[in-house]
Amino acid sequence: MTANRTEPETAKLITSPKCAAKLLQAGKLVAFGTETVYGLGADATNAQAVAGIYTAKGRPSFNPLICHFASAEAAFQHVRPNAMAQKLAEQFWPGPLTMVLPRQAASPVSQLAGAGLPTLAVRVPAHPVAHEMLALAGRPIAAPSANRSGHISPTSAAHVLASLGGRIAAVLDSGPCAVGLESTVLDLSGPAAVLLRPGGITREALEAAIGPLSTATAPGAALASPGMLASHYAPSLPVRLNATAPGPGEAYLAFGPAPPSALMFQLSETQNLTEAAANLFEALHWLDEHAAQHGLVAIAASPIPAIGLGLAINDRLSRAAAPRG
Ligand code: TXA
Ligand code: MG
């Protein structure tokens, strides 16, 4: 049998938001930097382009994508925001917050982008380059993190090229990601606000704005947020959590003063959670890449306090450590 093959694409590294917007309008896949992580963008209204995202990532097709917009006004044309959503948009957009809201029946976003759900996840990123690209594209841009499904999220153009370089049209180089962790995903489609994924905006900040949040079920237990798979963000090496020191054969992911180790990445010498969040995925990429040449076979991760951004960091680390499916 002869397979029906198309030539693999080789991603161009570009710096022009205008060029990125044109490629997106033409149905191409373009990775772009945001303040959280690099996203793999496609025109959300073009089902074929969206299908390309799932193929390039090797992502299970039940997992819905976030639609990105240049402004709250543009985002709210596709969903029905309630009072809480309006308030959060004023306070946290542009920024690392994604809101899941009931979808407008007339929205041209493809069913595939929303995985057939009656809701849509919308976000207005704060990065100026992403903002310009989105404004020029003038349409919703669906974008999951620009990594192969289940792997570590990319926080630089180089990470994207290494993971998806042969599968997409271009990477819009927007420099390193300042926040370094994905957006917080909040479900506002029901009567109570539910925290689906901890992220760049802390739970404390959200609760100060709209009152107590409920939490989605434990990782992997339900598909309330289908992306919450237990094993995710995974380096190729096994990860051991809450390790105050590396054991034999282990590289060390440190947070503050650390014992001597064969190979160590310091998330934050001063135990600053914002700095640690920004470094987390870079650290996992780096340790994964360098462990073998030091004869190491695992990563031991220092305990991280479960407050503020520590909640999101621990969430990502526990998924990196989860048994692989
Ligand atoms: O910071 C971010 O959010 C990055 C950048 C590129 O914006 N994007 C990102 O996308 O992390 P992704 O696809 O890796 O994660 C999106 C999360 C998944 O857990 C997905 O299941 C959830 O949002 N999600 C999307 N649409 C949803 C919906 N309608 N209902 C519930 N959860 C949804
Ligand atoms: Mg992801």
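Me: From which domains does the lining of the largest cavity draw at least three residues each?

Reply: A cavity is a set of points on a 1 Å grid over the protein atoms alone where a 1.4 Å probe fits but cannot get out; lining residues have an atom within 4 Å of a point. Here the lining draws at least three residues from each of domain 1 (12–215) and domain 2 (239–320). Those bounds come from an automatic or database domain assignment. The model is predicted: local features need pLDDT of at least 70, side-chain atom pairs pLDDT 80 or more, while totals for chains, interfaces and linings use all residues. Residues are numbered from 1 along each chain as its sequence is written, chains are lettered from A and ligands numbered from 1 in written order, and side-chain values use heavy atoms, without hydrogens or water.

Me: How much space lies in the largest cavity?

Reply: A volume is the space filled by probe spheres set on the points, which are joined across faces, edges and corners. This cavity holds about 50 Å³. The structure has 1 cavity of 30 Å³ or more. Among its lining residues are Thr184, Arg203 and Leu309.

Me: What about the second largest pocket?

Reply: A pocket is an open set with protein on both sides within 12 Å along at least five of seven lines. This one holds about 360 Å³. Of its 18 lining residues, His151, Ile152, Ser163, His285 and Asp288 are closest to the centre.

Me: Which element gives the largest share of that lining?

Reply: Helices are DSSP runs (H or I, at least four residues), numbered from the N terminus. α8 gives the largest share, 5 residues.

Note on methods. Helix = DSSP H or I, 4+ residues; strand = E, 2+ residues; numbered from the N terminus.
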